[in-house]
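Q: Please take a close look at one residue and its surroundings, and then at the ring pairs and backbone angles elsewhere. I would like the cut-offs along the way.

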Amino acid sequence: MWAKPVTLSGQQLTLAPLIQSHARDLAEASADGNLSALWYTMIPTPEGVPAEIDRRLALQETGSMVPFAILDAAGQAVGMTTYMNIDQANQRLEIGSTWYRKSVQRSGLNTECKLLMLRHAFEELDAIAVEFRTHVINHQSRRAIERLGAKPDGILRAHMKMANGTLRDTAVYSITAPEWPTVQAHLTHQLTRH
């Protein structure tokens, strides 16, 4: 496997390989702000967290995903993220399926999370490009992706069926290897503001 489970540690958080023992914290995180009610996202309900962990771990077994629990400084799981759509032959992957409990959103955790994941992808895995995708109407997510320094690649129209039966237009962004030094400097600077 090109991308493997790994622990990535920063000043405010640790990205730990996702396991079922994170389920209780993650159920509480999902309930914080009733995140699963956002119809344009795919955040599990509190009771759906164990099944979502199983789904992500099954995808890890196939080599298409590496899921992480996002642990705060106290070691509590406050969200999930993944390397997904892993394409070893073309040295590309996506950072996605990321969500945080409401009480830690806009706290700088996302910036550090993405810095750690991008650094590992570009410097350890030698990725050529890292993608980010979100629902075209998820403006909060799109702004967060743009703040990272990712550039828009386009919109995949009628790309996915959502749980409520609507079709998702997917906004696609990426950061390429030549852009990484500038993005890294930007994210490092952003962290000093938190």
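A: Let's start with lysine 102, which is partly exposed because its relative accessible area is 48% (buried is under 20%, exposed over 50% and partly exposed in between, with a 1.4 Å probe and protein chains only). The areas come from the Shrake-Rupley method, and for residues only the protein chains shown count as cover. A word on the model: it is predicted, so local features need pLDDT of at least 70 and side-chain atom pairs pLDDT 80 or more, while totals for chains, interfaces and linings use all residues. Residues are numbered from 1 along each chain as its sequence is written, and side-chain values use heavy atoms, without hydrogens and water.

Lysine 102 sits in the loop between strand S5 (92-100) and H3 (helices, H or I, have at least four residues and strands, E, at least two; both are DSSP runs numbered from the N terminus). Together with Arg106, Arg143 and Arg147, Lys102 forms a positive surface patch. Patch members have over 30% relative accessible area and no salt bridge, and like charges are joined within 9 Å, taken at NZ of Lys and CZ of Arg. A salt bridge would be a Lys or Arg side-chain nitrogen within 4 Å of a carboxyl oxygen of Asp or Glu. Lys and Arg count as positive, whereas His and the chain ends are not counted.

Now to the rings, which pair if their centres lie within 6.5 Å (planes under 30 degrees apart are stacked, over 60 edge-to-face, the rest tilted; Trp is taken by its six-membered ring). There are two aromatic pairs. Phenylalanine 68 and tyrosine 83 are edge-to-face, 5.6 Å centre to centre with 80° between the planes. Phenylalanine 68 is buried at 0% relative accessibility, and tyrosine 83 is buried at 1%.

Phenylalanine 122 and tryptophan 180 are stacked, because their centres are 5.5 Å apart and their planes at 25°. Phenylalanine 122 is buried at 7%, and tryptophan 180 at 5%.

Finally, the backbone: most residues other than glycine have a negative phi. Asparagine 85 has a positive phi of about 45°; asparagine 85 lies in strand S4 and is partly exposed at 47%. Glutamine 91 has a phi near 50°; glutamine 91 lies in the loop between S4 and S5 and is partly exposed at 24%.

Definitions and conventions: Patches are made of residues with over 30% relative accessible area and no salt bridge: like charges are joined within 9 Å, nonpolar side chains (Val, Leu, Ile, Met, Phe, Trp, Tyr) within 5 Å. Accessible areas come from the Shrake-Rupley method with a 1.4 Å probe; for residues, only the protein chains shown count as cover.
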